[in-house]
Amino acid sequence: MSTPLLEVRELVKGYRLPRERLLAPAPVVRALDGVSFALHAGRSLGVVGESGSGKSTLARLAMALEAPSAGQVLFDGRDLHALAPAELRRARAGFQMVFQDPFGSLDPRRTVGQTVAEPLAVLHGASRAEQRERVAEVLAAVGLRDADTARYPHEFSGGQRQRIAIARALVTRPRLIVADEPVSALDVSVQAQVLNLMADLQERWGVTYLFVSHDLAVVEHVCDEVLVLHQGRIVEQGPPGRLFRAPRHPYTQRLLAAVPGLEPPR
């Protein structure tokens, strides 16, 4: 079998809490506790769980934005957290992130063209001509016009701003996109448009997604496989058709029971 594009091995992340007493040791909470999974190229893996389950921590570690307390994150067989800073910077062209709040993740002082081109300048050192060509390509891919490059984020709707964020993630032609709650800040009527766009981009460009969401209905719509996080551990994993219709773990059953239309048959 081929090497996974993204492989997480026994990932642990602990955070120190404030001391309860002056001379007492600082308590440590484990946000992740021995998480392992593999994601192959061209596939979509959904990560679901309640707030505090460790989903966003997993996304940050997968993007090498934070270092794990233990374990490995391998991208195309290379341990990201073992790379020298210069090597990691070059490797980042292969994986990008889409954040939850499209407005908060875009600099209001920069035009769309400047925002989308920024990863090229930082990661690739691309020429101005190459930057313009790439920006036009990805804006067209997400359904925006070349004329939009001169406009600012506040001039767009929430759905359009998330399309801009996706364009920025695509501009380096990454193999992996980590999407952390990418539609939760959008109106329900817009969510389907963005999800369909992401599915279309995967089909056309072969993008691999690690899709983090608390919304099980969203994950069922876009993911090939789902893992359920609870208190930093994977309690269940499988294809959404099986997992959402015949959940085995009580925690998964409780999650489904809270979502109208997804509760498994009794």
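Modeller: Helices (H or I, at least four residues) and strands (E, at least two) are taken as DSSP runs and numbered from the N terminus. The model is a predicted one, in which local features need pLDDT of at least 70 and side-chain atom pairs count only at pLDDT 80 or more, while totals for chains, interfaces and linings use all residues. Residues are numbered from 1 along each chain as its sequence is written, and side-chain values use heavy atoms, with hydrogens and water left out.

Biologist: Which element gives the most to the lining of the largest pocket?

Modeller: A pocket is an open set of points on a 1 Å grid over the protein atoms alone, where a 1.4 Å probe fits, with protein on both sides within 12 Å along at least five of seven lines, and lining residues have an atom within 4 Å of a point. Strand S6 (95-98), helix H3 (112-124) and helix H5 (158-170) each supply at least two residues of this lining. The element that gives the most, with 4 residues, is H3.

Biologist: How many residues of the lining of the largest pocket are nonpolar?

Modeller: The lining comprises 14 residues, with Gln96, Met97, Phe99, Pro119 and Arg168 nearest the pocket centre. Ala, Val, Leu, Ile, Met, Phe, Trp, Tyr, Cys and Pro count as nonpolar, Asp, Glu, Lys and Arg as charged, and the others, Gly among them, as polar. On that division 2 lining residues are polar and 3 are charged, and the nonpolar ones number 9.

Biologist: Why can H5 be called largely enclosed by the rest of the structure?

Modeller: Buried means under 20% relative accessible area, exposed over 50% and partly exposed in between, with a 1.4 Å probe and protein chains only. Among the buried residues of H5 are Arg161, Ile164 and Arg168. H5 is largely enclosed because its buried residues number 11 of the 13.

Biologist: At what distance from the ring centre of phenylalanine 156 does arginine 151 lie?

Modeller: A charge sits over a ring if NZ of Lys or CZ of Arg is within 6 Å of the ring centre and within 35 degrees of the ring normal. Arginine 151 lies over the face of phenylalanine 156, and its distance from the ring centre is 4.2 Å.
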